[in-house]
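I opened a new page of my notebook for this chain.

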Amino acid sequence: MMRLREEATDNHKLNIIDKFGQGVALPAPKRKLRVPPAVPECVHPCLSDFLIPDITNNQLNTIYPELQQPDHGNWPLSRFMQLTPAINQNARLNAAFINKSPLPGFPYWNETENDKPESPIFGWIIVNYQDLGLQFFRSDGRFYREVRVGGPNDAVLGSKWLPFYPPAPSDQTVPTQLDELIAKMLDKDDHGKFLQSFFHMIKGAIRTMPYAPSEYSGYANALVGKPLALVNVGFSLELATPALTAQNTLGKVPTNEQAELSSYRFPFKLGDADRPFDGVVGWFDTDNTINGRTNWDKVFTYTPDPTNTSYEMVSPQNFIRLSPYYLDPVTLKVAGSDQAFPKYRQAKTAQYVIKTILMDPYTPIHAYSPILPITSLSLPPWTIQQAMTRMTAFFRLGPCLLSTDVPAKYDQSRVVNPDSWTTPLPSGAGVQSPSMPAVRLPVSGKKGLWRWLQPYDVPGATPSDYHDTQYNEMDVNQEDTTIRKDPAPYTMVEGYLQLARPLLASDVQALAQSQ
């Protein structure tokens, strides 16, 4: 039987003495009564939510009844301090990034290793405030799809990979969880409510997040906002030794000590909105025993949309709860179970309670427990750098009136590759005579800071094949205020305005720091 301690206490006397010898006695000294009162006079401390006695039948569960009833709008006043349960043997709160197992069946997850090139991130999300949409990227930073508010179902899905050129068929693998989250936002019966509440959650969480580190300003997407990472995290409560057995010969002795151990479920708090050093935005429940699927119907967050019941405020009633276990490192079996695992890491991963978390990549997440020290978990820096060097900011723009037409035909030599913007512009770009076509737009920034992505209708290889939409990149010159009399006709264009990493990288950094 695992040994626990739990008790309640109150303070009948408290003396406060400063360094000069002056003291204050609480309660105030009085003559001792010959017949003591039934309820002694006590000090009423200011308690945290972990130390307040439980509420039973709308009353505080205390030895002496309290005169003031609990009120959900006010902090309850109690003379008793309830000490939470604590384990009287060595234990630890495990937290680790995990990924989907490539093999079908149980166990469905694998724990990531920091010394291997395995990113725990399965997707990135950037808020596109210009188009009121969410841009989804793969873990390596390659753009995947965009979901925007609007349309007949109040949620519009963009085409895969566009406006960039699609990757090779062998490189078009996308995590299933990313597609499932996108499909949830496009639910026709929901009418875009989940998507709009997702916006509400992110905007509320960003207000309390810390600023990105200074090195982040060197990336071009720093001008539009900080991306958020989608990760899977496993939590477990592990004992260092087998649970202690009952040593008493009198009294109640548990008949099944393993069942007694499993009956304990200790709560812990994930993230904290009042602590700016925590990076949790929200999370979903994910299965680890039946099918390994994520439940996208319920979101737990500190900034929920009050009009959407699918977003639930984190509270003690829905804290994550863990049951302690002991894993034998020799037999690779969990105490009370006959199932053996081929590897220790698999046996450990099988005990995790898994949460799919949306987090700030630059800020660690924390698990707070009343019985153990705070556990923190941070993303490896190389996973962030790998994605940031490829991710770019872009948004829809148009229709725009141009006095000079864009090229009429699609140029196969100037396909929009997500890696091309990380390389310098072609020779001569950004000067008076660019080697690529240029358009004039009323945007700020020096030449070479922006690129225009112009869509074209590209026919298939044969007349019976479907037409495809492809984009050409063009240089952008800043529209001045000079009055010109360019000859007609003029052209209306629509496309994407992309923030490109130019030869003048210092300009990007200076603009990012001024935001």
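Predicted model: local features only at pLDDT ≥ 70, side-chain atom pairs only at ≥ 80, totals over all residues.

**Entry 1: helix α2**

Residues are numbered from 1 along each chain as its sequence is written, and side-chain values use heavy atoms, with hydrogens and water left out.

Next I looked up which residues of α2 are buried (under 20% relative accessible area; exposed is over 50%, partly exposed in between; 1.4 Å probe, protein chains only). They are Phe194, Leu195, Ser197, Phe198, Phe199, Met201, Ile202, Gly204 and Ala205. As background, an α-helix has 3.6 residues a turn, so residues three or four places apart point the same way.

I then turned to Tyr311, which lies in strand β17 (residues 311-313). Tyr311 is buried, with a relative accessible area of 4%. I listed its contacts (heavy atoms within 4.5 Å). Not counting residues up to four places away in sequence, Tyr311 touches Phe194, Ser197, Phe198, Met201, Val299, Thr301, Pro304 and Asp305.

Which backbone oxygen does the side chain of Tyr311 reach? It is that of Phe194, at 2.9 Å. I recorded this as a polar contact, a pair of N or O atoms within 3.5 Å; within protein, one must be able to donate a hydrogen and the other to accept it, and residues adjacent in sequence count only if both atoms are side-chain atoms.

Thr303 has its place in the loop between β16 and β17. At 17% relative accessibility, Thr303 counts as buried. A polar atom of the Thr303 side chain lies 2.9 Å from the backbone oxygen of Met201. Leaving aside neighbours within four places in sequence, I found Thr303 in contact with His200, Met201, Gly204 and Ala205.

**Entry 2: salt bridges**

I counted salt bridges (a side-chain nitrogen of Lys or Arg within 4 Å of a carboxyl oxygen of Asp or Glu). The count comes to 11.

Glu41 pairs with Lys30, the closest N and O atoms being 3.6 Å apart. Both lie in the loop between β3 (23-26) and β4 (55-56), so the pair ties together parts that are 11 residues apart in sequence. Glu41 is partly exposed at 45%, and Lys30 is exposed at 65%.

Asp297 forms a salt bridge with Lys184, with 3.0 Å between the closest N and O atoms. Asp297 belongs to strand β16 (residues 294-301) and Lys184 to helix α1 (residues 176-185), so this pair ties together parts 113 residues apart in sequence. Asp297 is partly exposed at 46% relative accessibility, whereas Lys184 is buried at 16%.

**Entry 3: cysteines**

How many disulfides (pairs of cysteine sulfur atoms within 2.5 Å) are there? The count comes to 0.

**Entry 4: the whole chain**

The chain has 6 helices and 27 strands; helices (H or I, at least four residues) and strands (E, at least two) are DSSP runs, numbered from the N terminus. Of its 515 residues, 44% count as buried. Residues 24 or more positions apart account for 70% of the contacts with a separation of 6 or more.

Finally I looked up the nonpolar cores, sets of buried Ala, Val, Leu, Ile, Met, Phe, Trp, Tyr and Cys residues joined through side-chain atoms within 4.5 Å. The largest has 46 residues, and those with the most contacts inside it are Trp124, Val231, Trp283 and Ile357. Strand β13 (residues 228-239) gives the most to this core, with 6 residues. Apart from it lies another core, of 30 residues, among them Val147, Leu181, Phe199 and Leu230.

Terms used
Disulfide = S-S within 2.5 Å.
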